[in-house]
Amino acid sequence: MTTAVCPGSFDPITNGHLDIVTRASRHFDEVVVLVTGNPTKTSGLFTIDERVELIREATAHLNGVRVDSWGGLLVDYTSAHHITALVKGLRSSLDYEYELPMAQMNRRLTGVDTYFLLTDEKYGYISSSLTKEVAKYGGDVTGLVPDTVREAMLKKFH
Ligand code: PNS
């Protein structure tokens, strides 16, 4: 069985993330969407548990996708679960510059490989931080994040 981890902070998951998870699930038998971060840290709009729940709701229709969280090194999670592949999305060369050293570090640490999927052009400009900013000031984020996430953001901000 092939398994991949899609790691991220997912604060919150966007439709861009969801597209990457969906496409990854076509290439691997199992995809673990892994929310990384310290569960006791209060930074971020959503707690780790809230992020996990929002991802569970957004991915419930996808076969072979499950959600987990982890507060340590990503490679410690993959090694403990005998997972040898990570999947991340690339929106632009900026993402590439950010992702390359992490992918190389993770590979140096344990040999885990990172697979990059190019973001669909529809989602190239979407980020968690931008959607939070738009929602915070009352802008419409319909279509940028799953509906449950939009509602959860509205509750947080208003
Ligand atoms: O949401 P992001 O910024 O795309 O996610 C980055 C993330 C969470 C994948 C990265 O920060 C990470 O792997 N954090 C876990 C701690 C870790 O392993 N750090 C060393 C990375 S080389």
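I began at Pro12, which lies in the loop between strand 1 and helix 1; helices (H or I, at least four residues) and strands (E, at least two) are DSSP runs, numbered from the N terminus. I note that this is a predicted model, where local features need pLDDT of at least 70, side-chain atom pairs count only at pLDDT 80 or more, and totals for chains, interfaces and linings use all residues. Residues are numbered from 1 along each chain as its sequence is written, and side-chain values use heavy atoms, with hydrogens and water left out.

I looked up the peptide bond from Asp11 to Pro12 and found it cis, with omega near 0 degrees. Phe10 lies in that loop between strand 1 and helix 1 too, and has a positive phi of about 50 degrees although it is not a glycine. I jotted down a reminder that most residues other than glycine have a negative phi, and most peptide bonds are trans. Phe10 counts as buried because its relative accessibility is 6% (buried means under 20% relative accessible area, exposed over 50%, partly exposed in between, with a 1.4 Å probe and protein chains only).

**Entry: His82**

His82 is another residue other than glycine with a positive phi, near 55 degrees. I placed His82 in the loop between helix 3 (74–80) and strand 4 (85–90). At 73% relative accessibility, His82 counts as exposed.

**Entry: Asn15**

I moved to Asn15, in helix 1 (residues 15–24). With 14% relative accessibility, Asn15 counts as buried. Its side chain reaches the backbone oxygen of Gly143 at 2.8 Å.

**Entry: the ligand**

Which residues surround the ligand? I listed Pro7, Gly8, Ser9, Thr36, Gly72, Leu73, Leu74, Lys88, Tyr98, Met102, Met105 and Asn106, where near means a heavy atom within 4 Å. By class, this shell has six nonpolar, five polar and one charged residues (Ala, Val, Leu, Ile, Met, Phe, Trp, Tyr, Cys and Pro count as nonpolar, Asp, Glu, Lys and Arg as charged, the others, Gly among them, as polar).

Next I checked distances to ligand oxygen atoms. A polar side-chain atom of Tyr98 lies 2.6 Å from one, an N or O atom in the side chain of Ser9 is 2.7 Å from one, and a backbone N or O atom of Leu74 lies 2.8 Å from one. Taken alone the ligand exposes 540 Å², and the protein buries 71% of that (Shrake-Rupley method, 1.4 Å probe).

The elements giving two or more residues to the shell are strand 1 (3–8) and helix 4 (93–110). Helix 4 supplies the largest share, four residues.

Note on methods:
Polar contact = N/O pair within 3.5 Å; in protein donor to acceptor, adjacent residues only side chain to side chain.
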